[in-house]
Amino acid sequence: MSTLDIRGLTATVAGKQILNGIDLTISSGEVHAVMGPNGAGKSTLSAVIMGKPGYTVTGGQVLLDGVDMLALPTWKRAAAGLHLVMQYPTEVPGVQLDAMLAEALRDRGREKDVATLGATLRAEAGRINFDEKFLDRALNVDLSGGEKKRNETLQMSVLKPKIAILDELDSGLDVDALRDCARRVMDATREDNLGALVITHYSRLLEELRPSRVHILVKGRIVQSGGPELADVLERDGYATFSATFSA
Ligand code: ADP
Ligand code: MG
């Protein structure tokens, strides 16, 4: 059982305050959705949790099982069990997918999994309809938007993080790829007790990836939290009603 605890998190980007005090607790097996309009700070939240350069934390804490993530470099946060599926996955020419995963597994002391990596990759590719021919490519190079998200989902299923953050898994993805990726994440919550923080603009993703909790993020603050029905309210009424509840 693992818990990601975000407490009073504030952060600036380029000298501008973007996160205004975020409190969120995600435990193993749970799916939490963070929904918000463009520019609300959703990607900033994911960047700050993982330690992307250029984002300055000005207050608050990010704890994974009580360990201060903010004090660690990004790779150590990942080794500790955090995994980010990026909104716009980066292409890394010259770095093969399997070589990168083998290094990451070694880093986590999982030599046994390195030995079976080839078979695991083929099995996992099959589960999400990711063409095996892409397994020998450099990371994300020359992949379509949908293939990149399948590739990111594949990495998650091999590395088996404790908590995954999915930043707009649904952006740049066709419906088939969306369903394949969302189902694989759902399966991981059941099979591996993955906790998921699902960041999205639209409620469509949440038809596949059923959240237990929904949080509305407006102007860097969570203005409302509730059950899955909150996503339906949002679909019907838009963000306007929630924005009105927030005064800067
Ligand atoms: P969302 O993902 O909710 O659409 P973002 O977190 O990407 O929102 O952006 C929130 C705000 O922070 C926006 O005003 C955006 O322009 C700004 N911002 C985000 N990243 C950077 C950056 N690296 N440099 C400058 N401004 C940024
Ligand atoms: Mg974003």
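In this predicted model, a polar backbone atom of Lys 42 lies 2.9 Å from an oxygen atom of ligand 1, a polar contact being a pair of N or O atoms within 3.5 Å, where pairs within protein also need one atom able to donate a hydrogen and the other able to accept it, and residues adjacent in sequence count only if both atoms are side-chain atoms. The table sets this contact beside two others.

| Residue | Atom of the residue | Distance to an oxygen atom of ligand 1 |
|---|---|---|
| Lys 42 | polar backbone atom | 2.9 Å |
| Gly 39 | backbone N or O atom | 2.7 Å |
| Lys 16 | side-chain N or O atom | 3.3 Å |

Taken alone, ligand 1 exposes 560 Å², of which the protein buries 62%; accessible areas come from the Shrake-Rupley method with a 1.4 Å probe, and for residues only the protein chains shown count as cover. Two elements, strand 2 (16-27) and helix 1 (42-50), each give two or more residues to the shell around the ligand, and helix 1 gives the most, with three residues. Helices (H or I, at least four residues) and strands (E, at least two) are DSSP runs numbered from the N terminus. In total 13 residues surround ligand 1, and the closest are Gly 39, Gly 41, Lys 42, Ser 43 and Thr 44, where a residue is near a molecule or strand if one of its heavy atoms lies within 4 Å of it. By class, the shell holds six nonpolar, five polar and two charged residues, with Ala, Val, Leu, Ile, Met, Phe, Trp, Tyr, Cys and Pro counted as nonpolar, Asp, Glu, Lys and Arg as charged, and the others, Gly among them, as polar.

Two strands pair if DSSP finds at least two bridges between them. Strand 1 (residues 3-13) and strand 2 run antiparallel and are joined by nine bridges, with Asp 5 standing opposite Thr 25 in strand 2. The hairpin of these strands has two residues between them, and Ala 14 in this hairpin takes a positive phi near 50°.

Strand 11 (residues 213-218) pairs with strand 12 in the antiparallel sense over five bridges, and Val 214 has Gly 226 in strand 12 as its bridge partner.

Ile 222 is placed in strand 12 and, leaving aside neighbours within four places in sequence, is in contact (heavy atoms within 4.5 Å) with Ile 22, Asp 23, Leu 24, His 215, Ile 216 and Leu 217.

Residues are numbered from 1 along each chain as its sequence is written, while chains are lettered from A and ligands numbered from 1 in the order in which they are written. Local features need pLDDT of at least 70 and side-chain atom pairs count only at pLDDT 80 or more, whereas totals for chains, interfaces and linings use all residues, and side-chain values use heavy atoms, with hydrogens and water left out.
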